[in-house]
Amino acid sequence: MTALTLQEICKSFDTAEGKVAVLKSVSLRLEMGQSLALTGESGSGKSTLLHIAAGLEHPDSGRVMVGADDMTAMGDSGRARLRRGQVGLIFQQFNLIPSLNVAANLGFQARLAGVHDAAFVTELAARLGLDALMRRYPEQLSGGQQQRVAIGRCLAARPALVLADEPTGNLDEATGDQVLDLMLRLTAEAGAALLLVTHSERLAARCDTRAHLRAGQIAAAQ
Ligand SMILES: Nc1ncnc2c1ncn2[C@@H]1O[C@H](COP(=O)(O)OP(=O)(O)OP(=O)(O)O)[C@@H](O)[C@H]1O
């Protein structure tokens, strides 16, 4: 089953220099259980495409399907509901809630989605090596630990589609590799699809398939 379908996505921005076409008819498909690395130079539109896939940004034209649901045909509240229920987001800046401890951060997304399962959170925490840190607050964690919490928080809500934007960009190479390993393994085990935005050819090579953005289009997909 297809987790994400992007059909002929176009997006321009108005800038001081005039209208800039960032995405010029970009199409992509991502199957359940598969990982896809989206690479491209800085400014090539990777984050814009990820935000459009998440329904956080509107394309000028084209269609975004999450599973069988046409996100582009929905209003804001429908999109928010679909995102809450089906889509997990992981960013470079971890985005944990500073006033909540690790245990509460881990359960946060699942509670919002109405699918909180304490046993599953405990299992994820163990898989992510977080079981000894459950009562700590984000500021008391290393970057790698914080990103493992963000991954756990995302997966605890059982998303069908995980969208990750440079998730290891703030981590040193060894820590980043460990975090990416966990993310790839746990999303695959969950049967979820993963779209990974990365600058790194090395990290991209770890994914099942790849797409490269150049001049607003997919230049190569393997
Ligand atoms: N809200 C906006 N208004 C105007 N221009 C924007 C806006 N958002 C993005 N852009 C422009 O769109 C282009 C693509 O940006 P985007 O952040 O998607 O690139 P990226 O490939 O993710 O870059 P990086 O690898 O540096 O994060 C850039 O030229 C950027 O300046």
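In which loop is alanine 215 found? Alanine 215 sits in the loop between β9 (209-214) and β10 (217-221), where strands (E, at least two residues) and helices (H or I, at least four) are DSSP runs numbered from the N terminus. The structure is a predicted model, in which local features need pLDDT of at least 70, side-chain atom pairs count only at pLDDT 80 or more, and totals for chains, interfaces and linings use all residues. Residues are numbered from 1 along each chain as its sequence is written.

Most residues other than glycine have a negative phi. Alanine 215, however, has a positive phi, near 50°. Alanine 215 counts as exposed because it has 11 C-beta neighbours inside 10 Å; a residue is exposed if 12 or fewer other C-beta atoms lie within 10 Å of its own, buried if 20 or more do, and partly exposed in between, with C-beta atoms placed from the backbone. Asparagine 95 also has a positive phi, near 55°, and is placed in the loop between β6 and α3. With 13 other C-beta atoms within 10 Å, asparagine 95 is partly exposed. A glycine with positive phi, near 75°, is glycine 114, which follows α3.

Helix α3 itself (residues 102-113) has Val102, Asn105, Leu106, Gly107, Gln109 and Ala110 as its buried residues. These buried residues pack against α4 (118-127) and α5, contact being counted if the C-beta atoms of two residues, placed from the backbone, lie within 7 Å.

Helix α5 (residues 143-156) has a further partner in α6 (residues 173-190): their axes come within 10 Å and cross at roughly 10°. Axes here are lines fitted to C-alpha atoms, for helices over the stretch in contact, and angles run from 0 to 180 degrees between N-to-C directions. The two helices α5 and α6 are therefore roughly parallel to each other, a term for angles under 35 degrees. On the α5 side the contact is made by Gly143, Gly144, Gln147, Arg148, Ile151 and Leu155, and on the α6 side by Thr175, Gln178, Val179, Leu182, Met183, Leu186 and Ala190. By class, the residues of this contact are seven nonpolar, five polar and one charged; Ala, Val, Leu, Ile, Met, Phe, Trp, Tyr, Cys and Pro count as nonpolar, Asp, Glu, Lys and Arg as charged, and the others, Gly among them, as polar.

In helix α2 (residues 76-86), the buried residues include Arg79, Leu82, Arg83 and Gln86. They lie on the same side of α2, because they cover an arc of only 100° around the axis, taken from the directions from the helix axis to the C-beta atoms. Their packing partners are β4 (61-66), β5 (69-70), β6 (87-91) and β7 (161-165).

Strand β1 holds lysine 11, which counts as buried because 22 C-beta neighbours lie inside 10 Å. Leaving aside neighbours within four places in sequence, lysine 11 is in contact with Val22, Leu23, Thr48, Ile52, Pro59 and Asp60.

The ligand is surrounded by Phe13, Thr15, Val22, Gly40, Ser42, Gly43, Ser44, Gly45, Lys46, Ser47, Thr48 and His199, a residue being near a molecule if its C-beta atom, placed from the backbone, lies within 6 Å of it. Two or more residues of this shell are given by β1 (2-15) and by α1 (46-53), and α1 contributes the largest share, three residues. The shell has two nonpolar, nine polar and one charged residues.

Key: Parallel < 35°, antiparallel > 145°, perpendicular 65-115°, else oblique.
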